[in-house]
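Here is a brief report on one protein model.

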Amino acid sequence: MTRVQQKICQKNLIAAYVDGELSDVATAIFEQHVEDCAECRNELRAHRVFVCELDAALTGEIDMPVPADFSKVIATRARSDMRGVRSAAEHRKAIAICMVLALTGFGLLSATARDNVFVVIGRFISGVFSIVGFVGGTVYDGVAGLVVISRVVAHKIVNESGSFAVVLVVLGAGVVLLSRMIHNYHRTGATE
């Protein structure tokens with residue numbers, strides 16, 4: 001066998017020849033090669049037999065019995081065969097994967113972008129702590145003021161007048177006055 005014939009055998013042009021995909025020159029060279037090469041001739045014959053059998057199998061009518069509710073059965077099984085999707089373990093696994101992906105994404109960010117993200121998060125946390133501190137301080141100051149005023153007023157009125165109704169009126173007035181004072185104080189402090 002010559003080198004040209006070996007190259008033609010190695011290229012495996014049989015499928016392209018049977019499908020008619022070779023050019024006229026390549027077809028002529030391949031046909032001449034098949035006349036001289038018994039191995040390629042046998043392979044070409046086997047390929048043609050295979051294509052004929054495949055055509056015969058696909059063109060013939062297939063009479064396969066299918067139940068009347070076949071599509072409903074398939075749809076029901078597809079709907080109910082959701083193993084793992086509805087379990088809590090699957091949800092936990094999905095959340096864990098999302099967390100790993102998010103952390104990986106943050107890790108892959110450049111230094112500048114990472115710093116910008118952390119600065120925004122830091123400012124948000126600082127703002128939340130400022131609001132919580134302001135509300136907590138206001139509540140604490142209000143309660144402490146009420147306690148001091150009520151003790152002083154109660155002690156003074158109870159010792160001097162002996163009437164508890166007067167104590168309640170004075171205490172209510174003190175609460176209203178104190179809350180107005182605290183409100184005005186914080187409003188002026190916030191605008192400065």
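Contact here means heavy atoms within 4.5 Å. Helices (H or I, at least four residues) and strands (E, at least two) are DSSP runs, numbered from the N terminus. This is a predicted model: local features need pLDDT of at least 70, side-chain atom pairs count only at pLDDT 80 or more, and totals for chains, interfaces and linings use all residues. Residues are numbered from 1 along each chain as its sequence is written, and side-chain values use heavy atoms, with hydrogens and water left out.

**Helix pair.** In α3, His 33, Val 34, Glu 35 and Asp 36 meet Ala 38, Cys 40, Arg 41 and Leu 44 of α4.

| Helix | Residues |
|---|---|
| α3 | residues 24–36 |
| α4 | residues 38–59 |
| α7 | residues 111–160 |

The α3 and α4 axes come within 6 Å and cross at roughly 110°. The two helices are therefore roughly perpendicular (65 to 115 degrees). Axes are lines fitted to C-alpha atoms, for helices over the stretch in contact, and angles run from 0 to 180 degrees between N-to-C directions.

**Whole chain.** The protein has eight helices and zero strands. Of its 192 residues, 11% are buried (under 20% relative accessible area, 1.4 Å probe, protein chains only). Among contacts with a separation of 6 or more, 49% join residues 24 or more positions apart.

**Surface.** Ile 125 lies in α7. With a relative accessible area of 40%, Ile 125 is partly exposed (between the 20% limit for buried and the 50% limit for exposed).

Conventions:
Angles under 35 degrees count as roughly parallel, over 145 as roughly antiparallel, 65 to 115 as roughly perpendicular and the rest as oblique.
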